[in-house]
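Have a look at the model first, then read on.

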Amino acid sequence: MTVTPAATTQVGSPKRRRLSMSRREALFFYFFISPWIIGFLVFQIGPILASLYFSFTSYAIVDSPQWIGTRNYLRAFTQDRLFWTSLWNTFYYVGFGVPLNVVFAFLLAVLLNAEIRGRISYRVAYYIPSIIPGVAGAVLWLILLNPRLGLINMALGVFGIQGPNWLASPQWSKPAFILMSLWGVGGAMIIYLAGLQGIPVELYEAADIDGASTAAKFTRITIPLMSPIIFYNVVTQIIGSFQVFGSAFIMTGGGPLNSTRFYMLHLYDYAFAYFRMGYASALAWVLLLIIVAFTLLVFRGSSAWVFYSGGRQ
Amino acid sequence: MTATAEHNVSYKLQKSILKGLVYLVLTAGAVIVLVPLYWMFSRSLMPLGQYYEIPPVWIPRSLTLEAYTSMWDMYPWPRFIGNTLQIAFFAIVGNVLSSTCVAYGFTYFRAPGRTTLFFILLSTTMLPGVVTMVPLFILFRHLKWIDTYLPLIVPAWFGSAFHIFLLRQFFQTLPPDLFEAARIDGCSEIGILGRIVLPLSGPVLAAISILQFQWRWNEFMGPLIYLNSFKKYPVSLALYTLRGEPQGSTPTQLMAGGTLMTVPVLILFVIFQRYFIQGVQFTGIKG
């Protein structure tokens with residue numbers, strides 16, 4: 001970390017100069033990446049450690065934090081009924097939402113990768129909902145899900161189905177949010193499409209020569225070669241879905257009967273409505289650990305089905 | 001002979017039925033995902049009376065800009081749009097400068113720890129924001145940055161991991177001879193970055209700027225946490241406020257607001273389609 005060797009290069013012997021060339025390069029390296037290193041320490045690692053510390057304190061923002069040991073965690077697990085409610089809501093959302101999203105996005109991508117007339121237009125059509133701004137999408141879905149005046153129940157009515165009360169019903173409010181998340185499936189679809197286009201055509205041609213069926217080609221070529229991308233998407237979707245916030249905050253505020261009080265809404269209330277920073281930090285760490293556990297689970301399971309050509313990178 | 005011919009016919013028939021089915025499903029799906037947008041546009045142009053009719057009106061019998069004009073009078077929208085643009089502008093400038101600089105460092109200079117650092121950089125794209133939210137709020141509060149745009153803008157000046165990754169992917173495609181030549185001509189490292197790398201990076205810089213803009217235009221939670229004054233709100237927060245407006249807002253006004261927020265993104269998409277898709281697709285291929 002000393003600058004002197006670089007500074008003395010002018011007077012150094014040729015041998016010394018060559019040595020300092022690599023030193024010089026290293027200095028340039030750290031010089032150029034320094035913005036990221038500083039940002040990483042100040043806006044990521046620092047805050048993570050700070051929140052770990054705060055999670056063991058009682059910290060009503062105006063006072064200084066008071067060490068209370070594990071009381072925040074104990075309180076969450078034993079006294080905070082809404083903690084369990086919000087956890088359950090979030091698991092529900094992740095558990096149904098993520099698999100549905102992955103399957104729909106992947107199937108769409110496979111269909112739209114086939115030789116189909118107008119496939120570019122189809123791709124654009126499916127992709128567009130995913131770029132609609134979150135707040136606009138939320139107010140739109142409020143209107144769409146209106147039991148009497150909304151599009152969804154009107155469409156169900158065409159098939160003779162009496163639609164539920166959606167956001168006003170504790171049973172249907174979570175499915176409503178999952179339905180809404182499926183609307184934005186085009187974003188993941190585009191990622192899968194890029195992957196599908198990267199599969200060498202020769203593989204399919206060779207399979208054709210060997211007389212392989214469509215199903216065999218799908219399970220033996222498409223799925224294995226796409227598995228790293230599917231895997232990556234499952235992980236990011238899990239991480240994102242556990243932190244679902246904006247749509248529920250805007251549309252229901254957690255209701256009715258706390259049925260859409262997702263974990264982040266619970267945390268938001270403690271942090272920014274009650275300003276109980278210690279407890280909120282403990283909640284954040286619990287969620288972090290849950291997310292890490294799930295990610296590791298998917299990682300460990302991945303060796304069974306994720307295929308890396310030319311080894312793991 | 002006839003058996004195989006028959007087989008062929010039924011095979012062909014099967015295939016065309018299957019194909020027809022695929023078209024049917026895809027078209028139905030496309031209609032399903034696009035109708036909500038039509039719903040938003042049509043409801044924003046309807047008189048309020050028509051909105052409340054049962055069964056709901058498909059095609060407005062009369063069009064009116066009433067929802068737009070009344071919404072426009074209710075809130076200072078040009079100001080909100082200006083606020084969003086201001087945040088986006090400073091974030092984009094900071095992000096482009098810092099991310100380029102970091103990506104350049106990661107691409108062209110070897111140093112001990114480079115691989116590890118790059119791995120850490122990539123891992124941070126998966127870091128759940130939830131754990132940094134509270135301490136960052138406390139930090140910015142200590143700095144007296146609450147109710148300013150600084151908490152939204154300043155972090156962008158330290159590079160975004162994803163954009164650094166995109167830029168590095170691009171830089172690796174540039175021929176190294178170019179830099180060697182410049183270096184022999186006595187060009188400094190910063191000079192190479194500014195005079196050779198940047199001018200060649202137009203498309204990728206445009207891509208990350210558009211991604212950043214789109215993100216800023218949509219951003220909700222950051223402004224919600226850090227901004228208190230109504231007059232400092234960005235569009236996203238203003239639309240949220242309109243939804244809960246104590247004076248009362250109508251569904252047609254909400255749809256007008258939704259349209260106001262959506263149309264610029266759609267226009268950007270039509271113009272810069274390639275960049276949108278590239279940006280998203282790069283996310284998936286990093287594996």
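This is a predicted model: local features need pLDDT of at least 70, side-chain atom pairs count only at pLDDT 80 or more; totals for chains, interfaces and linings use all residues.

1. Residues are numbered from 1 along each chain as its sequence is written, while chains are lettered from A and ligands numbered from 1 in the order in which they are written.

2. Start with the domains (bounds from an automatic or database domain assignment). Chain A has domain 1 at 4–54 and domain 2 at 79–305, with their C-alpha centres 41 Å apart. In chain B, domain 1 covers 2–65 and domain 2 covers 75–243; here the C-alpha centres are 40 Å apart.

3. Next, where the chains touch: 71 residues of chain A and 71 residues of chain B take part (contact is C-beta atoms, placed from the backbone, within 7 Å). On the chain A side, helix H2 (residues 14–54) gives the most, 19 residues; helices are DSSP runs of H or I, at least four residues, numbered from the N terminus. That side of chain A splits into 57 nonpolar, twelve polar and two charged residues (nonpolar is Ala, Val, Leu, Ile, Met, Phe, Trp, Tyr, Cys and Pro; charged is Asp, Glu, Lys and Arg; the others, Gly among them, are polar).

4. Finally, in chain A, the axes of H4 (residues 81–113) and H13 (residues 263–273) come within 7 Å and cross at roughly 145°. Axes are lines fitted to C-alpha atoms over the stretch in contact, with angles from 0 to 180 degrees between N-to-C directions. From H4(A), A:Leu82, A:Phe83, A:Ser86, A:Leu87 and A:Thr90 meet A:Tyr263, A:Leu265 and A:His266 of H13(A). Those contact residues are five nonpolar, three polar and no charged.

Notes
Helices (H or I, at least four residues) and strands (E, at least two) are DSSP runs, numbered from the N terminus. Two residues are in contact if their C-beta atoms, placed from the backbone, lie within 7 Å.
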